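My notes follow the display.

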Amino acid sequence: MKASILSADEMRRALTRIAHEILERNKGAENLALIGIHTRGIPIAARLAAKLQELEGVDVPLGRLDITLYRDDLSEIAKQPIIRETEVPFDLDRRRVVLVDDVLYTGRTVRAALDALIDLGRPEGIQLAVLVDRGHRELPIRADYVGKNLPTAKSEVVKVKLQETDGTDGVELWDLEEVQAAQQ
């Protein structure tokens, strides 16, 4: 590991700030829905929903979105990609949807998520919340809510660790070579 970027407490504070920003921008939580992008966007969305409930006393509908079949690099990922469940148990029409992901990088994941979401309905508006924005956009996409702006080199990897998926909370910066060596 090259550096620890966010501790568990810093991550909690960043998500609390994002929740406040969502409420401020949307003038409350009415007609709002959160949709997490597989994998780590889902628990982040759940944490934001819990914080919105705590702050406003309103249960914000929560969904999960699998973008695998919408990716433009599907053939490069795997011969047999893993398809996960998309679950949006509410009508998107007349809702403001906040898409939630862990890291914003090239913008291609968000583009795929937008395509997948539009196939499910026509929201009033779509906003984007990410825990980390690391730059290097290839598409004209930006986040509305960012926990941490982290300028990186393309030779670096941002690893978001969540209690729900990894047993611990934190954000780490790694050299790509270290990550590749560990995978072999």
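I count a contact where heavy atoms lie within 4.5 Å. The model is a predicted one.

**Helix 1 against helix 2**

With that cut-off I looked up which residues of helix 1 meet helix 2. On the helix 1 side I listed Met 11, Leu 15, Thr 16, Ile 18, Ala 19, His 20, Ile 22 and Leu 23. Their partners in helix 2 are Ile 44, Arg 47, Leu 48, Lys 51, Leu 52, Leu 55 and Glu 56. By class, I noted 10 nonpolar, 2 polar and 3 charged residues in this contact.

Next I checked the geometry. The axes of helix 1 and helix 2 (residues 41-56) come within 9 Å and cross at roughly 60°. The two helices are therefore oblique to each other. I recorded the crossing as right-handed.

Three of them form an open sheet in the order 1-8-7, and the pairing is antiparallel. Strand 1 (3-6) and strand 7 (156-161) are the edge strands, each pairing on one side only. On average, neighbouring strands are turned by 30° against each other, direction ignored.

I followed the pairing of strand 7 with strand 8 (residues 170-175): 6 bridges join these antiparallel strands. Glu 156 stands opposite Asp 175 of strand 8.

**Helices on the sheet**

Last, I asked which strands helix 1 lies across. Helix 1 (residues 8-26) lies across strand 1, strand 7 and strand 8, and runs at about 30° to strand 1. Helix 6 (residues 176-183) lies across strand 7 and strand 8. I noted its angle to strand 8 as about 95°.

Methods: Residues are numbered from 1 along each chain as its sequence is written. This is a predicted model: local features need pLDDT of at least 70, side-chain atom pairs count only at pLDDT 80 or more; totals for chains, interfaces and linings use all residues. Side-chain values use heavy atoms; hydrogens and water are left out. Two strands pair if DSSP finds at least two bridges between them. Helices (H or I, at least four residues) and strands (E, at least two) are DSSP runs, numbered from the N terminus. Axes are lines fitted to C-alpha atoms, for helices over the stretch in contact, and angles run from 0 to 180 degrees between N-to-C directions. Angles under 35 degrees count as roughly parallel, over 145 as roughly antiparallel, 65 to 115 as roughly perpendicular and the rest as oblique. A crossing is left-handed if the near helix is turned anticlockwise from the far one by less than a right angle, and right-handed if clockwise. Ala, Val, Leu, Ile, Met, Phe, Trp, Tyr, Cys and Pro count as nonpolar, Asp, Glu, Lys and Arg as charged, and the others, Gly among them, as polar.
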